[in-house]
Amino acid sequence: MNKFFYLTTEGIKNVWRHKMTAFTAIISLFIALFIVGLLATAGDNTHKVLQYFRSKYKIEVFFKQDVSNEEAVGLIHRIKTIKGVRTATIIEKEDAIRIFKDQFGEDIMDILGYNPLPVSAVVNLSRTSRDPIRVEPIIKEIRSIDRVEEVRYQGNLIKKIERNYRRIIDRFPYLAGVIIFVAVLIIYNTVKLSVYSRRELIRSLQIIGATNMFIKLPFIIEGFLIGLISSALVFPALLGSVKGINYIFTNFTSWGIRLTFDPVVWIWLFSLVVVITLIGSYRAASSFLK
Amino acid sequence: MIEFQNVTYAHQKGNGVNNLSLTIEEGEFSFLIGPTGSGKTTLMRLIYFDLLPDAGWVKVNGFSSKKMTKRKIPKVRKFIGMVFQDYKLLYDRNLFENVALPLHVLGYSGREIPDRVEEALELVGLEGKDYHLPNELSGGEQQRACLARAIIKEPDILLADEPTGNLDPVASFELVRLLETIHETGTTILMASHNYNLIKGRGRPIYELKDGILRGR
């Protein structure tokens, strides 16, 4: 117990004794963790961005001329049962006249003397699914309803955006993997340099009769502390970044997207740091004591 | 206590010791003399198992080089104190921390350590210098600090490898006298030196090494 207390204190003191090395390592590790944290947060918020894109999906369904408002209600109920459809709103013949007037400034009844506009529906797609929604099968199914005259859909561009966005998001884990690898190297090299710069201490300890574990432990604690400080700094940084992005979204865009920061992301990062620092420090110290 | 039986050790660049047999009894204070490169340091390193013989065997306090493993080495070194010509003090730690280091290795509690450090520093005449950094001390004082670090764990064996090599004659003489004081407590001491004038006439066994061969006693 005495030994453990002494070695822990030594590990803490070592961070202070070698402030510059520790500072550089903390900053480097902080940057690596911050990027991984941002990627993880972005990945975690993917569905919100997708929701925004999906809110732009709008399928307009025009029924045949002879479909009455009452019959259209039944057809809309059928459309609502299609998987991936969130809502379907009827636009009755009378509403269509009003919309026409709003858009063109003319009353079609005055021009033609009758209402040629059919009953239609606006179909919105489900937003909550984390998987990309395949729009084609939905359109195909709506078209298969024989009382439907025409289906208009302008989601091709959004579909492309969604596909590319997905493509980027899918690459995040690989990118995070590379950054984590860099973080391991940072810790490994920091501890290795630290061990090398204190080879005289190690030699003295060996001569005195210290075991390898006694020599290694302060280095492991030192590496662990560097990781701990870095991950502690990452938490407010990620939180601040998410708040900053939300501020920009709220005040400078009309997207209506609000990102959230899930503390689980930080817990993962913290666990990652624990593993990285323990393995990195142990291996670095061991490599010198072979 | 220390036994060498037909020990040979060769460094890659030559030197070392050749077919050396030697016995140092418990409680003995002996000197090892010889010119630079004669094998004095090699012999010392063989005693604390920093080197293992190419041939023959070394036995220290019942531990034999034949059965020596990496795990056992720290155990042997716990009862060996060492003093070096270049002191091997830690220059980023004060005297107190330097001297206390072996006690931490042995697992002494924080309450016991200050008294023992004070005692050791007093014995070597460095009382009141606890918080000085090594480079604030003279060569003689640094060597005495090194000695305090070596004796604080009350070792059975004290090895001093050219401890006076960097000291002036007065400091050298004082250090040998200090070693004699420590020896009175029953510690086995082996001191290597190339300064015959310093060790002659003390009535202690003197082992002479030349080109790695023990020439006589």
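How many bridges pair strand 4 (residues 55-60) of chain B with strand 5 of chain B, and in which sense do the two pair? The answer is 2 bridges, in the antiparallel sense. Before we zoom in, note that this is a predicted model, where local features need pLDDT of at least 70, side-chain atom pairs count only at pLDDT 80 or more, and totals for chains, interfaces and linings use all residues. Residues are numbered from 1 along each chain as its sequence is written, while chains are lettered from A and ligands numbered from 1 in the order in which they are written.

**View 1. An open sheet in chain B has 4 strands in the order 2-1-4-5, with antiparallel pairing.** Here, strands are DSSP runs of E with at least two residues, helices are runs of H or I with at least four, and both are numbered from the N terminus. Two strands pair if DSSP finds at least two bridges between them. Strand 2 (14-24) and strand 5 (63-64) of chain B are the edge strands; each has a single partner strand, so one side of each has no neighbour in the sheet. In general, strands of a sheet pair through backbone hydrogen bonds, either parallel or antiparallel.

**View 2. Let's follow strand 1 of chain B and its partners.** Strand 1 and strand 2 of chain B are joined in the antiparallel sense by 7 bridges, and they make a hairpin with 2 residues between them. Look for V7(B), which sits opposite L20(B) in strand 2 of chain B. Strand 1 of chain B also runs antiparallel to strand 4 of chain B, with 5 bridges joining them. There, T8(B) faces A55(B) in strand 4 of chain B.

**View 3. N6(B) and E154(B) both have a positive phi.** Most residues other than glycine have a negative phi, and most peptide bonds are trans. For N6(B), phi is near 45 degrees, and the residue belongs to strand 1 (residues 2-11) of chain B. For E154(B), phi is near 50 degrees, and the residue lies in the loop between helix 5 (139-151) and strand 7 (157-161) of chain B. Are they buried or exposed? N6(B) is exposed, with 12 other C-beta atoms within 10 Å, and E154(B) is partly exposed, with 14 C-beta neighbours inside 10 Å. The cut-offs, with C-beta atoms placed from the backbone, are these: buried takes 20 or more other C-beta atoms within 10 Å of the residue's own, exposed takes 12 or fewer, and partly exposed is in between.

**View 4. Chain B touches chain A here, with 15 residues of chain B in contact with 15 residues of chain A.** Helix 2 (72-77) and helix 3 (95-106) of chain B each bring at least two residues to the side of chain B that touches chain A. Helix 3 of chain B gives the most, with 4 residues. Sorted by class, that side of chain B has 7 nonpolar, 4 polar and 4 charged residues. "In contact" means that the C-beta atoms of two residues, placed from the backbone, lie within 7 Å. As for the classes, Ala, Val, Leu, Ile, Met, Phe, Trp, Tyr, Cys and Pro count as nonpolar, Asp, Glu, Lys and Arg as charged, and the others, Gly among them, as polar.

**View 5. Helix 2 (residues 19-44) and helix 10 (residues 212-252) of chain A cross at roughly 45 degrees, with their axes coming within 8 Å.** Axes are lines fitted to C-alpha atoms, for helices over the stretch in contact, and angles run from 0 to 180 degrees between N-to-C directions. The two helices are therefore oblique to each other; angles under 35 degrees count as roughly parallel, over 145 as roughly antiparallel, 65 to 115 as roughly perpendicular and the rest as oblique. Residues meeting here include L29(A) and F30(A) from helix 2 of chain A, and L233(A) and V234(A) from helix 10 of chain A. This contact has 15 nonpolar, 6 polar and no charged residues.

**View 6. V119(A) is a buried loop residue in chain A.** V119(A) is found between helix 6 (108-112) and strand 3 (120-125) of chain A, and has 28 C-beta neighbours inside 10 Å. The C-alpha atoms of V119(A) and I91(A) are separated by 5.9 Å, although the two residues are 28 apart along the chain. Beyond its neighbours within four places in sequence, V119(A) contacts several residues, including F63(A), V67(A) and I90(A).
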